[in-house]
Amino acid sequence: MEILKKYNAFVEVVLPLSLPKLYTYAIPEVLENEIQIGKRVEVQFGKQKLYAALVYAIHQQPPTEYIPKEILNVIDELPIVTPTQLKLWNWIANYYICTLGDVMQAALPAYFKLDSETFFVKNPNTEIDILQLPDDEYLIAEALNHQEELSLKDIISILQKKSISKSIRNLLSNKVIYVKETLQEKYTPKFETFVELHPQFSIEKNQLKQAFELVSNSLKQEAILLAFIDLYQQNKTITRKDLLKKSNAASRVLNAMLKKDIFLLEDKIVNRISDAEIDSISQYNLSSNQSKAKEEIRKYFSEKEVVLLHGITSSGKTLVYIDLIKEQIAQGKQVLFLLPEISLTVQLVQRLEKMLGKIAVYHSKFNNAERIEIWNDVLQNKVQVIVGARSSVFLPFQNLGLVVVDEEHDSSYKQQEPAPRYHARDTAIYLALQHQAKVVLGSATPSIESYANAQINKYGLVKLMSRFGDVHPPEIQFISLSEANKKKEIVTGISFLLRDEIQHTLQAKKQVILFQNRRGYAPYIACSDCNWIPQCKNCDVSLTYHKYTNDLRCHYCGSTQTLVTTCVACGSHHLQQKGIGTERIEEDLKIIFPTARIGRMDYDTVKTKHGHHKIIEAFEAGEYDILVGTQMVTKGLDFSNVSLVGVLNADALLAYPDFRAIERAYQLLMQVSGRAGRRDTRGKVLIQMGNVQHPLVDFVLNENYDEFFKVQWNERKQFHYPPFSRLIRLTVKHKEIKTCIEAATKVGDYLHTKYVGWIVGPNVPIIQKINNYYLRDLLIKIPRNFTELNKVKGEIQQAVNGLYQFQSFKQVRVIIDVDCY
């Protein structure tokens, strides 16, 4: 080890790989003054691969098991990750039983995780003259004039240098090149449709006489033109949505004016870090109940780190949040506002912008450039309010004062795939603790775990049980599907009673939301003679029929098959569509209500560019009379003209064999009920259900959360489910069912000997094969009063590692999910 004597220091780095240990590299003397914890360094790992690794620790102790390689270069001038973030990463890795590399992959934007396989493309809009660039940067830019893309390997070959990170960093910073988006961009820039006068007209020059002549025969068109002039005096940029709202006109009227060349439409990107000034129109006064709730929260903050705000739908929780946020802004603090799904909260973001001014919106599905822009602004403390989904807990906060977790019960806060399988609500609480910040958890239907923490005085509890303003609670009515089927008073899943209510609502010029938690046209197809059902070749599930594409699809692995017309088992041509999906409901509604305008909001309609935003905007502008959708229609939406909400099959929410099925069904039904009549009129909610004697019905009708909590508390206590235990699920996966069963049995036998009575399984999951992998589950119920949680996690890791000592289990995968609920 004589060679190590020439090095004064070494670094432990986190590589963006799922490695059990940190890897140590030697620091060349020339780089000693540049090394800093939180900076990225260029390293070689394996025979040839290069990675951007993150410096985790600096010390003078060389590794004894191997000779360390040298760091090739220091990439960053300043640290991109803070010490507080690294503490959070370490907590996540330990608590959720994953590696720091897994956390790094989830936490950092792709721009920060360069490796040998990263590709770069030229920015076609660059304004920099590449002839003025330094030699190495010029060679890279010039090569991209002749090639569509370059990998890091290509660039190393061009420059004939091993260390190229500084040249790459400079080109990226100057926007000469971009990291290629290797996956299809899942989230696109935020667009707004703006309305402009045709160039032949001008308000400033008073050249509008001809425009008024063109609309002289239409009062509605004249109203739009007058509304445009009025809005123009306030703000020269006018959105299509604002114009239609101001003029109270339908989009077809505006379209007619476009054909007359009076207006032009243009889609423009709106910056996510809004520079909006605080809208004077949005100034407000808290009600006495809201003010009381706010003061109670502030009082709890003197003794508690976390406060649960239990406020019924329409109680105005958001205004309480905003008042608390304003106090933090005044103190120069940063605020994180967590939402379960940012893609469905366009309205809330716009509302926050009007009331708070400049905010940033962050989401894991933004493209690289957007994520880096916001990351750097948070790191440099340039932005105070950040609104985001679960990945925003990884941002480099400098001065965090408050975290708000809205809809804290929502299951979307739990990461499922890949690791780390963290819960953003719980991670946010730990993040706040590191910054000595406070946390507000808000919900109309809190999770049983959070409410239990409030009951045992771990969290503060504040209640807001009255609705804000003159909002009336909706009238909720259950419709028996059993009775409707007996009397033949149902067509395509819509009972006659619901049909008639829809008709009355449309006649009153109000809007309707219909909720069905199944997308596609028909959930499955079956032979009416032998009952054969087309199955996915990769998964243990039936295929769903999608009429729009006329194919059969698997909703688990994404595979598709052509529509079958003949039974492969018996040769019969009598194949029937079974069940009803959102696509079928949309089609049948067009027949039942031929003059109504029907919209659909599910995964199939929102996966296109700006899909969700366009549907929400169109429904809000009155372009649809009825909106049919899956769970998407229940989250974060507030439509003033909706007076009827219909749930087509509430039984489906209860059918899932999970201890939280009733809780989630209750939360979802209360949430979807809150969409009806939220402002000036009392809405109506019709819930179709086969078993109207189910205890859930009374809880929903009475809106009695406390009674619901007591029942759930007693049931969970009896069967040792959270909050009376901690759950860890192990899912064993292998392509051969025999190997999968043997591996799961081996892990189960080991854990059974260690923790008698705690282990359930191995069991066959509901779907025992997904994407060609067979599955077996083990559930570990750890008593809540057991304090040696880390010991149990260590035994789990030992059991999993023990598998890989056997050649036959080398290809087995074990997924560890802590708090798997």
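## Exercises: strands and a cavity

An open sheet of three strands runs in the order β7-β6-β8, with antiparallel pairing. Its edge strands are β7 (150-151) and β8 (177-179), each pairing on one side only. Strands (E, at least two residues) and helices (H or I, at least four) are DSSP runs, numbered from the N terminus. Two strands pair if DSSP finds at least two bridges between them.

This is a predicted model: local features need pLDDT of at least 70, side-chain atom pairs count only at pLDDT 80 or more, and totals for chains, interfaces and linings use all residues. Residues are numbered from 1 along each chain as its sequence is written, and side-chain values use heavy atoms, with hydrogens and water left out.

**Exercise 1.** Find how many bridges join β6 to β8, and name the partner of V121 in β8.

*Solution.* 
1. Take strand β6, residues 119-122.
2. Three bridges join β6 to β8, and the two run antiparallel.
3. V121 has Y178 as its bridge partner in β8.

**Exercise 2.** Work out which strands flank β17 as partners, and in which sense they pair.

*Solution.* 
1. Start with β12 (residues 306-311): β12 pairs with β17 in the parallel sense over five bridges. Here V306 has V439 as its bridge partner.
2. Turn to β16 (residues 400-406): β16 and β17 also pair in the parallel sense, over five bridges. V404 stands opposite V440.
3. β16, helix α14 (residues 424-435) and β17 make a right-handed β-α-β unit. Right-handed means that, with the strands pointing away from the viewer, the path from the first strand over the helix to the second runs clockwise.

**Exercise 3.** Decide whether the faces of β17 are buried or exposed.

*Solution.* 
1. Set the cut-offs: buried is under 20% relative accessible area, exposed over 50%, partly exposed in between (1.4 Å probe, protein chains only).
2. Recall the rule: in a regular strand the side chains alternate between the two faces of the sheet.
3. Sort the residues. K438, V440 and G442 lie on one side, V439, L441 and S443 on the other.
4. Both faces are covered. Six of the six residues in β17 (438-443) are buried.

**Exercise 4.** Identify which element supplies the largest share of the lining of the largest cavity.

*Solution.* 
1. List the elements that each supply at least two lining residues: β3 (40-45), β4 (49-59) and α5 (165-173).
2. The largest share, four residues, comes from α5.
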